[in-house]
Amino acid sequence: MVSSKHSKESHRLALSVLQPGFVGTEAPDWVLREIGDGLASVVLFSRNIVSLDQVARLTGQLRAENPELIIAIDEEAGDVTRIESATGSTRPGNFALGTVDDTELTESVAADLGRQLRAVGVSLDYAPSADVNSNPDNPIIGVRSFGVDPKVVSRHTAAWIRGLQSAGVAACAKHFPGHGDVAVDSHHGLPTYGADREEIAAQALPPFRAAVDAGVRAVMSGHLLVPAYDPELPATLSPRILGDLLRGELGFEGMTVTDAIEMGAVADRYGIDGATVKAVIAGADAVCVGGENAEEATVGLLAGALVDAVARGGLTRERLEEAAGRVRSFAAWSAGLAQADSVDTISGDIGFAAARRAIRLAGAVRDALPLSAAPHVVEFVAATNLAIGKETPWGVAAPLSERLPGTTTVRVQNHELHSRSAALEACVLEPATGRPLVLVVRDASRHEWMARALGDLLAARPDAIVVEMGLPGAAVPAAVQIFTHGATAASGVAAAEVLVGAR
């Protein structure tokens, strides 16, 4: 009898530290049952979102089971967007805001997002990225970072947190202790950050210190190996990093959340169940899961693994209770905030204003702009990392066509350039004969095939205008370039306005 009671209590505790996703635009029956059994959080992804009104109905349905339910979302308001995944974000991302370097603007953009999220019932946002993008070949961070300078990233991390939390939505600084200086995507493998402690303290940690000072309510751990602190366990699974460094040295007292536990960096080595147990042992209070594994069976597997670990003594009941207690404290804080504005009161205009301010130009702009006729627009498409939704539109052709009827467009991928000169002649140069040519790239400096095609085209059409919507690379001699510092819908509109001379 006692054993059964303890097992049931352990199961409720285990459920309370999980933050799972699910499939559908309405709450599945299994999710509602699990909430009744103790599940304290859920995570929304783009697959759960059709419209703001629909999300509000969904969160209302979920909270009918538990008014203090934590509802999280991975919304960075940049290239990584869930709430606007079908249309592209109407707010620029971190790199654009860092380029403008106006902390009041950053705070305003984050507050605008926070009001929207709060209005639809979201209480926790897995943002901002506090990573310093010190490695230009980083495949996972890039424009998700405020920049390459720790001071810039620190002040904008703090401003973004202040703005979001002023609207009643908790921020979650990620990916601790810093994912910016790696060359491996943790969705697929385990990155290593090989700097010594002195360099880490100077380069990666300042934004997280700024986040703690700004009162951030949550911190998300990164799936990366940091040998200077722990040569064996990734940060998410390391007591030295989550305990000694984050809790001890940085003094963070809020809720710690793992990055998605099914990511290859940890799941390939330990399984999602083993990684979950190790994360909670290490000091994680909540385990994010369900970006890919969004079934009822996953929740059962992870909860069962935690209960078994307590029964066998690998995970102490005190540690599980401590984690559950931080989750409850967070939930109570969120539930106690003032009523949100209605969805209809959110304007979003600040996002477009911010995207316009982030535009930078190079080359003989006055000779080339505004466009003299409807152009041919070529958008080069490279594979993005899994954090960026494949369904999320990007580019300049669509907003430019609205402003300049007659604009034509084509999208080009690497595999289509098997015969490079013939392909470029057929889909780029011939349609652009006698017309302006606009070449749109995204992180061209990171993709050799794209940079090569760009070079070939500029040799044939030195008058072509280049729009870079990712990280700016080296300046292209003699070319007119427009840098948007992100590929959001707002950034595409801002670039289109420059091309037609609307600014």
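Contact here means heavy atoms within 4.5 Å. Notes on the model follow.

1. **Basis.** This is a predicted model: local features need pLDDT of at least 70, side-chain atom pairs count only at pLDDT 80 or more, and totals for chains, interfaces and linings use all residues. Numbering runs from 1 along each chain as its sequence is written, and side-chain values use heavy atoms, with hydrogens and water left out.

2. **N133.** N133 sits in the loop between β4 (124–125) and α6 (150–166). Helices (H or I, at least four residues) and strands (E, at least two) are DSSP runs, numbered from the N terminus. N133 counts as buried, at 3% relative accessibility. Buried means under 20% relative accessible area, exposed over 50%, partly exposed in between (1.4 Å probe, protein chains only). Leaving aside neighbours within four places in sequence, N133 is in contact with N138, I141, G142, S145, G147, V148, G180 and L471.

3. **Overall fold.** The protein chain has 18 helices and 14 strands. Its radius of gyration is 23 Å, close to the 23 Å that the globule rule gives for 503 residues, so the chain is as compact as a globular protein of that length. That radius is taken over C-alpha atoms, and the rule is 2.2 Å times the number of residues to the power 0.38. The C-alpha atoms fill a box of roughly 85 × 50 × 40 Å along the principal axes. Of the 503 residues, 60% count as buried. Among contacts with a separation of 6 or more, 78% come from residues 24 or more positions apart.

4. **R435.** R435 lies in the loop between α16 (420–429) and β12 (437–441). Not counting residues up to four places away in sequence, R435 touches A374, P375, H376, G406, T407, T408 and R461. R435 and E34 are 60 Å apart, C-alpha to C-alpha, and 401 residues apart in sequence.

5. **Cysteines.** The structure holds 0 disulfides; a disulfide is a pair of cysteine sulfur atoms within 2.5 Å. Take C288: the closest cysteine sulfur, in C172, is 9.1 Å from its own, too far for a bond. C288 counts as buried, at 5% relative accessibility.

6. **Largest pocket.** A pocket is an open set of points on a 1 Å grid over the protein atoms alone, where a 1.4 Å probe fits, with protein on both sides within 12 Å along at least five of seven lines; lining residues have an atom within 4 Å of a point. The largest pocket is lined by 27 residues, of which F45, R82, H187, L386 and A387 lie nearest its centre.
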